[in-house]
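Subject: Structure handover, charged side chains

Here is the structure I said I would pass on. My notes on its charged side chains follow below it.

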Amino acid sequence: MRGPSAASAADKGAVATFKRDLLRNLLVGLRARAEACSFDAMSLQERERAVKCSADEAMAAAREAAPGGARARWTKAVLAAAAASSSSSPGATCEARRSRCKRVVRRCVGAKRMGRGCYAAAKNAAAASTDVARRLVRRRTMALRKVIPGGDAARDEAALLREAMDYVVHLRAQVDVLRRVSATVQRSTILRDPAQSTGES
């Protein structure tokens with residue numbers, strides 16, 4: 001039987017392996033994007049989008065390669081979305097993204113209006129509190145299904161929560177890797193151009 005220290009050491013090793021795989025996949029993805037279209041020719045938003053897409057694809061690929069990664073549904077959803085977006089034209093992708101953003105804004109505004117009415121009704125009628133709680137849980141579950149890639153495929157709430165926890169844990173590792181990459185790039189830029197660090201022009 002393993003003690004807590006052995007378990008935490010194994011977890012740390014798995015996280016370190018995942019971060020290393022993620023970084024390798026990220027560098028390969030960014031190199032491939034740079035060969036397809038020069039980063040200098042891109043706007044700042046396009047660069048941010050390219051880095052985000054590459055980071056997501058790298059995270060999903062690293063998770064699939066990790067032990068137990070084949071069971072995670074979100075990895076397949078992220079990789080399928082990446083394949084679909086790379087095969088479609090950039091103009092169509094931007095248009096689809098714009099219409100999706102408009103739908104989200106409309107849904108949020110409508111939910112706020114509905115939320116005020118639901119809150120007032122629940123406050124006035126204490127007997128309806130159970131029904132309101134059920135509706136709220138259902139609404140939050142539906143929202144979680146939309147946020148987690150592949151969340152629609154989860155059979156029940158327990159499976160959805162497991163997917164969400166797995167996704168969040170790996171997102172945190174992705175953020176940690178991207179912060180380290182950003183710090184390294186900033187350090188190398190300052191070392192190349194010492195006038196920038198002192199604020200001289």
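Partly exposed, as used here, means a relative accessible area between the buried limit of under 20% and the exposed limit of over 50%. By that scale E64, at 32%, is partly exposed. Please keep in mind that this is a predicted model.

The whole structure holds six salt bridges. E64 takes part in one of them, with K76, at 3.6 Å from N to O. Because K76 sits in helix α3 (residues 73-87) and E64 in helix α2, this pair links parts 12 residues apart in sequence. K76 is also partly exposed, at 41%.

D166 and R63 form another salt bridge, with 3.0 Å between the closest N and O atoms. D166 belongs to helix α6 and R63 to helix α2 (residues 44-65), so the pair ties together parts 103 residues apart in sequence. Both partners are buried: D166 has a relative accessibility of 17%, and R63 one of 11%.

D176 is partly exposed at 22%, whereas R180 is exposed at 55%. Shared partners join K19, D176 and R180 into one salt-bridge network.

One residue to look at is E163, also in helix α6 (residues 157-192). E163 is buried but has no salt bridge, as R73, the nearest side chain of opposite charge, is 4.9 Å away. The E163 side chain does reach the backbone nitrogen of R73, at 3.0 Å. Its contacts beyond four places in sequence are R71, A72, R73, W74 and I148.

Notes: Residues are numbered from 1 along each chain as its sequence is written. This is a predicted model: local features need pLDDT of at least 70, side-chain atom pairs count only at pLDDT 80 or more; totals for chains, interfaces and linings use all residues. Side-chain values use heavy atoms; hydrogens and water are left out. Helices (H or I, at least four residues) and strands (E, at least two) are DSSP runs, numbered from the N terminus. Buried means under 20% relative accessible area, exposed over 50%, partly exposed in between (1.4 Å probe, protein chains only). Lys and Arg count as positive and Asp and Glu as negative; His and the chain ends are not counted. A salt bridge is a side-chain nitrogen of Lys or Arg within 4 Å of a carboxyl oxygen of Asp or Glu. A polar contact is a pair of N or O atoms within 3.5 Å; within protein, one must be able to donate a hydrogen and the other to accept it, and residues adjacent in sequence count only if both atoms are side-chain atoms. Contact means heavy atoms within 4.5 Å.
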